[in-house]
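Please read it beside the sequence and the coordinates.

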Amino acid sequence: MSLLVAEHLALPGRLHETDLRLEGGTLTCLIGPNGSGKTSLLHALAGIGASGRVMIDGVDPHTLGPGQRQRLLSFLPASRDVKWPLAARDLIALGGGGPSEEVYDDLELAALADRRVDRLSTGERSRVLIARALVSRPRLLLLDEPVANLDPLWQLKLMDYLRAQVRSQGQAALVAMHDLELARLYADRLIIMQAGRIVADGEPDALMKGADIPAVFGIERAGSGWRIRPPADPRSLP
Amino acid sequence: MTARLLLIIALAGLFLLSLLTPWDAVAALFAQDRALGLAVLVELRLPRSLLALTYGAMLGAAGAAIQALFANPLASPDLTGTTSGAALGAVVTAYLFGFTAPIALSLGSVAGALGALLLLIGLAGPKAETATLLLSGLAISALAGALTTLALALAPSPFAFYDAYDWLMGSLVDRSLAQAAFAGLPAIVTIALLWRLRQALDSLTLGEEVAQSLGHDIARLRLWVVCLTALGVGACVAICGAIGFIGLVAPIFARRLTGGHPGRAIAPAALIGALLLLAADLAVRLAPLGRTLPIGVLTALLGAPFFLWLVAHMRWRLAR
């Protein structure tokens with residue numbers, strides 16, 4: 001059975017009725033233009049204000065208290081805002097998880113642990129918040145733009161780490177992002193969203209070569225990168 | 001943990017000191033007539049000390065909960081208009097409707113506090129910026145203050161202003177044990193219930209989305225905090241009037257003991273609030289002014305400069 005089984009997810013005005021399954025040990029990237037419903041899909045799976053049914057490892061997270069829920073799923077919002085000036089270590093501890101110190105080594109946080117989060121750079125704060133989401137080793141990871149604000153080295157390091165974690169722990173990760181190249185490099189599966197719907201879902205290399213990305217984003221291939229697709233010439237229309 | 005233990009020991013010491021100060025008068029009474037001395041201690045001094053203890057704790061806990069809910073260190077029962085709303089409720093109940101039974105005053109006061117808090121959330125929104133929150137709180141306080149004066153002016157009794165003056169300024173003097181129970185019991189129950197919300201309030205540090213993903217119902221949490229603080233603060237205001245700034249200051253010190261966590265600061269904020277109000281009451285008693293200063297005047301005299309310092313400090317930090 002799939003690690004995540006979600007049926008009839010919907011958020012009025014933001015997400016049309018959606019079904020989704022994710023397998024353990026896979027990293028799935030979620031791409032789509034601004035406002036296409038990536039965050040709404042993550043919200044719906046995290047149980048924030050949506051209708052529908054979500055089962056993780058056969059358990060409905062709504063039946064669990066916060067402590068147990070933290071071991072089932074964790075959600076990293078796109079906002080890197082922290083409301084109170086906690087020390088990085090205390091913030092990470094809010095993720096529960098217990099005595100696991102591995103995440104400090106893996107994300108190189110030892111030097112930041114005792115500093116207050118309001119005195120960290122945005123990129124450093126991102127790493128601390130990502131550690132908070134990972135420390136409880138949840139079965140399902142829902143990450144909204146985790147690589148935003150990270151420098152190129154850390155973007156690669158983080159994606160490397162996520163893929164290794166997911167594979168060794170048998171977790172499932174759904175990662176919303178905008179960097180198509182990073183998605184192609186690291187995703188086991190790619191989901192493309194547009195206007196509150198999943199419009200394409202499959203193997204990354206195939207989707208990158210297909211017609212969905214140009215159609216959804218209004219861009220086209222140019223050498224090894226992308227460029228803005230010029231509007232269709234009105235004279236060529238029949 | 002040791003810090004909390006020290007707080008509790010200091011609190012116990014200060015409570016005892018509050019019962020026995022000034023000692024000369026009690027000692028003289030005991031020398032004359034043991035029963036009389038005991039009666040003075042139990043019926044005059046004990047209610048005052050108990051009120052300082054519970055009202056201070058209530059203000060501290062309510063301040064911590066409101067600050068955690070709004071994610072804002074400048075929110076507090078007085079700056080959000082809760083205490084002035086409660087005072088308005090009590091004045092209207094007593095002087096316009098003519099109900100002076102303690103239960104009626106308490107209910108009126110709680111209704112006023114609840115109205116002020118709901119108006120604040122309606123005006124500023126649940127995720128208010130500091131400026132919006134403070135301006136809305138200021139407007140509600142000003143409105144409630146003006147309506148309180150109006151209610152007193154329209155009151156049938158010609159002595160309404162004189163009558164209400166000491167109470168409005170906040171006073172713990174000459175209350176009975178029954179009155180202390182009317183303020184103290186709701187306060188204790190409310191503090192315990194607020195304390196149970198600490199985990200949910202702590203999770204708000206990571207934002208509402210994360211708190212919801214952990215299974216906390218934010219709309220229900222907001223309703224609980226609003227109703228509980230209105231109940232506890234309203235019950236205290238009905239007996240002792242509005243006392244300012246304890247609810248602002250206590251949580252700020254309390255969070256230094258909890259590493260900045262706002263929810264688990266509720267218990268230490270209650271201890272610090274009680275400590276501050278007991279100390280303020282002792283200071284009022286011992287001040288060589290001839291007449292007893294209303295305690296609310298003292299807390300405002302000390303609290304307002306602290307508030308200004310806090311605003312300047314925040315501005316300086318933001319400007320950096």
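The model is predicted, and in it chain B has 14 helices and zero strands, so that the order of elements from the N terminus on is α-α-α-α-α-α-α-α-α-α-α-α-α-α. A compact globule of 320 residues would have a radius of gyration near 20 Å, and because chain B has 20 Å, the two values agree. Along its principal axes, the C-alpha trace of chain B spans about 65 × 50 × 35 Å. Of the 320 residues in chain B, 51% count as buried, and among its contacts between residues at least 6 apart in sequence, 80% join residues at least 24 apart.

One helix pair can be described in detail. In chain B, the axes of helix α4 (residues 82-96) and helix α11 (residues 218-240) come within 9 Å and cross at roughly 55 degrees; because angles from 65 to 115 degrees count as roughly perpendicular and those under 35 as roughly parallel, this angle makes α4(B) oblique to α11(B). The crossing in which α4(B) passes α11(B) is right-handed. The residues that make the contact are listed by helix below.

| Helix | Residues in the contact |
|---|---|
| α4(B) | T82(B), T83(B), A86(B), A87(B), G89(B), A90(B) |
| α11(B) | T229(B), A230(B), V233(B), G234(B), V237(B), A238(B) |

By residue class, the contact of α4(B) with α11(B) divides into seven nonpolar, five polar and no charged residues.

Note on methods
Residues are numbered from 1 along each chain as its sequence is written. Chains are lettered from A and ligands numbered from 1 in the order in which they are written. This is a predicted model: local features need pLDDT of at least 70, side-chain atom pairs count only at pLDDT 80 or more; totals for chains, interfaces and linings use all residues. Helices (H or I, at least four residues) and strands (E, at least two) are DSSP runs, numbered from the N terminus. The radius of gyration is taken over C-alpha atoms; the globule rule is 2.2 Å times the number of residues to the power 0.38. A residue is buried if 20 or more other C-beta atoms lie within 10 Å of its own, exposed if 12 or fewer, and partly exposed in between; C-beta atoms are placed from the backbone. Two residues are in contact if their C-beta atoms, placed from the backbone, lie within 7 Å. Axes are lines fitted to C-alpha atoms, for helices over the stretch in contact, and angles run from 0 to 180 degrees between N-to-C directions. Angles under 35 degrees count as roughly parallel, over 145 as roughly antiparallel, 65 to 115 as roughly perpendicular and the rest as oblique. A crossing is left-handed if the near helix is turned anticlockwise from the far one by less than a right angle, and right-handed if clockwise. Ala, Val, Leu, Ile, Met, Phe, Trp, Tyr, Cys and Pro count as nonpolar, Asp, Glu, Lys and Arg as charged, and the others, Gly among them, as polar.
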